[in-house]
Every structure is written in C-alpha cells, then in structure tokens.
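Please open the structure in a viewer and keep the selection tool at hand.

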Amino acid sequence: MDTLTKEEILNQHKLSIKATMIFLGIVSFVLWKLWDYFGKIENPWLVIQPKNLESITAIITSNFLHVSFEHMVGNLLIFWIFGFFALTLEGTRAIKGMIFGVLFCGVAHFIFGDKGTMYLGFSGV
C-alpha cells in the first residue's frame, strides 16, 4: 500500500488550468444569461431585502444577479483574476469556500442589513 506525501494530498484538490477556465467560463455565461433574462430586478425573491421573509430565497439568488451589465462585468473581472489563482491552487476547497461565502454573506445581509435597502450581486461577498 502506497502512502501519499503531503504534497500529493494537497495536489488532489487542485483543478487543472483547463478545468479552471471551463468552470469560470460556465459561471460567467450563466451570469450573462441571467442578466439577459431578468434585466431589471424587481422580484423580492431575487434581491435580499433585510428582514423581509419574501426575500429569504434571495440569500442564494442575489449573488448571481447584478444591477447592470457593467456591474456584472466588473465583478466577473475580479472573479476571473482571483478565481483563476484560487481554483488552480486550491481547487475544490476554493469552490466550497465560495459557496460558504455566498451563504454566510447572504444570511448576514438578511439579518443585519438596514430595513428598506436591497442587496444584489457578488460585491458584498
């Protein structure tokens, strides 16, 4: 039975450059299509409105929608730069960290945000 070195164990979580580019491309495409479909956001289930139970599902959905095309492109630029390094260096752990960040920040905005405000996009994460 072969034992793995610490480096081999750490490398198991890394994604290849090709897999990273595919993942980032798919997320970018989905965000772009969501923007095309929804355009202006007015549904309470899409935007976090703190302390409003109608928007509880927005804890997840709000992170994937944006106020404008420019807002989305700005977030994607940062996502591509930092996402590329995080995914190639950390791989699946980076994806789990992104999911945790989305959920944690969404819940925090919902609970602690000012009533009457709306939160949308990945900027707050």
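Begin with the whole chain. Among contacts in the protein between residues at least 6 apart in sequence, 74% join residues at least 24 apart. The model is predicted, and its pLDDT averages 76, with 79% of the residues scoring at least 70. Colour the chain by confidence: the lowest mean, 61, belongs to helix 1 (residues 6–11), and the highest, 85, to helix 5.

Next, switch to a cartoon view. The protein has five helices and zero strands, and its pattern along the sequence reads α-α-α-α-α. Of the 125 residues, 30% are buried. Display the surface as well: the accessible area of the protein comes to about 8300 Å², and carbon and sulfur atoms account for 71% of that area.

**First stop: the nonpolar patch**

Which residues form a nonpolar patch on the surface? Select Ile22, Ile26, Phe29, Val30, Trp32, Phe69 and Val73, which together have about 630 Å² of accessible area. Helix 2 (17–38) and helix 4 (69–90) are the elements that each give two or more residues to the patch. The largest share, five residues, comes from helix 2.

Is Val30 buried, partly exposed or exposed? Its relative accessibility is 42%, so Val30 counts as partly exposed; the partly exposed class lies between under 20% for buried and over 50% for exposed.

**Second stop: the nonpolar core**

Hide the surface and select Leu24, Leu31, Met72, Leu76, Phe79, Leu87 and Ala94. These seven residues make up the largest nonpolar core. Helix 4 gives the most, with four residues.

With which residues is Leu76 in contact, leaving aside its neighbours within four places in sequence? Display Ser28 and Leu31, for these are the contacts of Leu76 beyond those neighbours.

Move to Asn75, which lies in helix 4. Its relative accessible area is 18%, and Asn75 is therefore buried. The separation is 8.2 Å, although Asn75 and Gly121 are 46 residues apart along the chain.

Select Lys51, in the loop between helix 2 and helix 3 (58–61). Lys51 is partly exposed, because its relative accessible area is 42%. Its backbone also deserves attention: phi of Lys51 is near 65 degrees, a positive value in a residue other than glycine. Most residues other than glycine have a negative phi.

**Last stop: Ile111**

Finally, select Ile111, whose place is in helix 5 (residues 92–112). Its relative accessibility of 43% is why Ile111 counts as partly exposed. How far apart in space are Ile111 and Gln49, C-alpha to C-alpha? Display both residues and draw the line: the distance is 9.5 Å, while 62 residues separate Ile111 and Gln49 in sequence.

Conventions: Residues numbered from 1 in each chain as written. Predicted model: local features only at pLDDT ≥ 70, side-chain atom pairs only at ≥ 80, totals over all residues. Heavy atoms only, no water. Buried < 20%, exposed > 50% of the residue type's maximum accessible area, 1.4 Å probe, protein only. Contact = heavy atoms within 4.5 Å. Areas by Shrake-Rupley, 256 points an atom, 1.4 Å probe, with all protein chains shown as cover. Patch = residues over 30% accessible without salt bridge, like charges linked within 9 Å, V, L, I, M, F, W, Y side chains within 5 Å. Salt bridge = Lys/Arg side-chain N within 4 Å of Asp/Glu carboxyl O. Core = buried A, V, L, I, M, F, W, Y, C linked by side-chain atoms within 4.5 Å. pLDDT = per-residue confidence, 0-100.
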